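Please keep the structure open beside you as you read.

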Amino acid sequence: MCKDSAATAAPPVRTIHLDHPILDKNARLAERNRGWLEARRIVAFNLLSSPGSGKTTLLERTIRDLGRELSIHVIEGDQATDNDARRIEAAGAPAVQINTGAGCHLDASMVSKALQTLDPKPGSVVFVENVGNLVCPAMFDLGEAEKVLVCSVTEGEDKPLKYPHMFRACTVLLLNKIDLLPYVAFEVDRFIDNALLVNPALEVFLVSASRGDGLGGWYDRIRRLAVPDSASRWGEVESSRESPP
Amino acid sequence: MHELGITQEIVEIVIARAGGARIARIVLEVGKLSAVLPDAIRFCFDLCSEGTSAEGAVLEILEPPGRVRCRGCAVEFSLDRPFGRCVCGGTDLDWLGGEELSIKAMELA
Ligand SMILES: [Zn+2]
């Protein structure tokens with residue numbers, strides 16, 4: 001591939017081998033976020049979904065149910081409005097809004113700035129509500145501990161096969177709005193079979209964020225990461241003023 | 001469409017490495033199982049490189065095929081989409097190739 005192209009042209013062609021990962025810059029920033037968070041025992045969840053799956057409702061409910069035992073902060077990614085951030089603050093958690101404009105996903109540098117603004121105290125839980133989109137956000141590591149995918153029974157059972165990269169990138173899948181199952185033609189088993197075909201390691205929870213069904217498993221998952229073991233909890237870290245990456 | 005951002009990233013990286021020299025050719029590797037569409041990159045490239053030292057560069061995109069190994073029975077096979085089922089029925093697969101997303105090389109004029 002290097003010898004042919006301009007063999008007849010006068011100036012010599014200089015080939016430079018790069019082997020440079022295209023998303024290297026984001027990957028490095030995400031690792032810095034991860035280190036910053038881990039040093040403060042802060043657990044970050046990256047919440048992903050298509051628009052309208054009920055992510056914000058899920059977060060509101062999670063904040064109301066866990067807000068007394070955990071210090072919860074939220075980074076809201078939205079293309080234009082700050083409606084979601086206001087809903088989150090009304091539910092009782094500090095929130096910062098990132099408007100991505102035409103951008104279809106959050107990246108690690110946006111999250112770094114948002115962390116700087118939020119300044120969560122050591123031991124907190126941070127939820128990042130990504131832009132509603134099942135394609136682009138799958139590719140961008142933010143430094144989170146887990147990627148959590150929220151789908152609802154008003155979407156098709158073939159979502160996992162249409163958006164396999166997203167289903168593969170996540171470790172947790174919440175199937176939301178199960179209170180609507182009596183009214184929609186949605187086969188839960190078929191959806192879960194498809195999801196596990198794409199990612200056999202997915203942990204799946206069936207929930208209704210509006211009615212409260214099935215949220216115990218999700219909450220335990222959060223607690224397991226946020227409060228790994230009270231006996232082995234780190235000593236109190238002096239809340240350092242070092243700025244986020 | 002994440003290909004626009006990805007193409008901007010590609011152009012920034014090659015321009016920085018070229019140190020002002022004009023770039024005649026760029027060789028990318030975009031695996032068949034990656035979530036990136038080569039045609040979309042080609043479409044965005046003219047726009048992103050306009051007015052830079054990468055303008056007019058030939059874009060060569062290699063597309064390594066998807067290759068997996070079944071964790072159940074160790075059989076290796078090809079995939080053309082990012083999931084699949086082994087002949088043994090297993091779906092837990094180790095990805096050996098097809099996720100590449102890198103700039104392999106460039107030629108300076
Ligand atoms: Zn097998």
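Donors are N, O and S atoms within 2.8 Å of the metal (3.2 Å for Na, K and Ca), and water is not among the atoms, so sites may look incomplete. This is a predicted model, in which local features need pLDDT of at least 70 and side-chain atom pairs pLDDT 80 or more, while totals for chains, interfaces and linings use all residues. Residues are numbered from 1 along each chain as its sequence is written, chains are lettered from A and ligands numbered from 1 in the order in which they are written, and side-chain values use heavy atoms, without hydrogens and water.

**The zinc site**

The zinc ion is held at 2.3 Å by the SG atoms of Cys70(B), Cys73(B), Cys86(B) and Cys88(B). Their spacing in sequence is C-x2-C-x12-C-x1-C. The donor angles run from 103 to 115°, so the arrangement is tetrahedral (four donors with all angles between 85 and 135 degrees).

| Residue | Relative accessible area | Class |
|---|---|---|
| Cys70(B) | 3% | buried |
| Cys73(B) | 34% | partly exposed |

**The cores**

A nonpolar core is a set of buried Ala, Val, Leu, Ile, Met, Phe, Trp, Tyr and Cys residues joined through side-chain atoms within 4.5 Å. The largest has 30 residues, and Ile23(B), Ile26(B), Leu28(B) and Ile103(B) have the most contacts inside it. A second, separate core has 29 residues, including Val150(A) and Ala226(A).

Note on methods: Tetrahedral: all angles 85-135°; square planar, octahedral: opposite > 155°, others 65-115°. Buried < 20%, exposed > 50% of the residue type's maximum accessible area, 1.4 Å probe, protein only.
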